[in-house]
Amino acid sequence: LHILLVLFFALHIYFRIFTAFSEKVARNTKIAYLKAVLTQDAAWFDMKNYGELPSRMNSEIQMTKKQL
């Protein structure tokens with residue numbers, strides 16, 4: 001019984017740390033993506049659909065987060 005409790009708490013801590021790491025990577029990726037978009041030339045925005053950028057960024061970040 002004691003081994004099961006220790007195992008339960010160890011797994012709980014492991015998943016907490018893993019989730020925190022995943023959130024941090026996702027946040028840093030969002031910041032890097034936004035910086036990359038904002039440093040583009042004005043002509044680049046003329047060729048892109050404005051509504052596509054936020055949804056594409058969100059979907060790509062979610063895929064990255066799931067892969068971690």
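## Buried residues of helix 1

In this predicted model, helix 1 buries Ser 22, Ala 26 and Val 37 (buried means under 20% relative accessible area, exposed over 50%, and partly exposed in between, with a 1.4 Å probe and protein chains only). These buried residues pack against helix 2 (42-47) and helix 3 (52-67), where contact means heavy atoms within 4.5 Å.

Helix 1 has 37 residues and reaches 54 Å from its first C-alpha to its last, close to the 54 Å expected at 1.5 Å a residue. The expected span is 1.5 Å times one less than the number of residues in the helix.

## Basis of the values

The model is predicted: local features need pLDDT of at least 70 and side-chain atom pairs count only at pLDDT 80 or more, while totals for chains, interfaces and linings use all residues. Residues are numbered from 1 along each chain as its sequence is written, and side-chain values use heavy atoms, with hydrogens and water left out.

## Overall form

The protein chain has 3 helices and 0 strands, running α-α-α from the N terminus on. Its radius of gyration is 19 Å, well over the 11 Å that the globule rule gives for 68 residues, so the chain is more spread out than a compact globule. The radius is taken over C-alpha atoms, and the globule rule is 2.2 Å times the number of residues to the power 0.38. Helices (H or I, at least four residues) and strands (E, at least two) are DSSP runs, numbered from the N terminus.

Along its principal axes the C-alpha trace spans about 65 × 15 × 15 Å. Of the 68 residues, 9% count as buried. The chain exposes about 5,900 Å², and carbon and sulfur atoms supply 67% of that area; accessible areas come from the Shrake-Rupley method with a 1.4 Å probe, and for residues only the protein chains shown count as cover.

## Nonpolar surface patch

Leu 4, Leu 7, Leu 11, Tyr 14, Phe 15 and Phe 18 form a nonpolar patch on the surface, with about 620 Å² of accessible area together. Patches are made of residues with over 30% relative accessible area and no salt bridge; like charges are joined within 9 Å, and nonpolar side chains (Val, Leu, Ile, Met, Phe, Trp, Tyr) within 5 Å. Phe 15 lies in helix 1 (residues 2-38) and is partly exposed, with a relative accessible area of 48%.

## Salt bridge

The count comes to 1 salt bridge, defined as a side-chain nitrogen of Lys or Arg within 4 Å of a carboxyl oxygen of Asp or Glu. Arg 56 forms a salt bridge with Glu 60, the closest N and O atoms being 2.9 Å apart.
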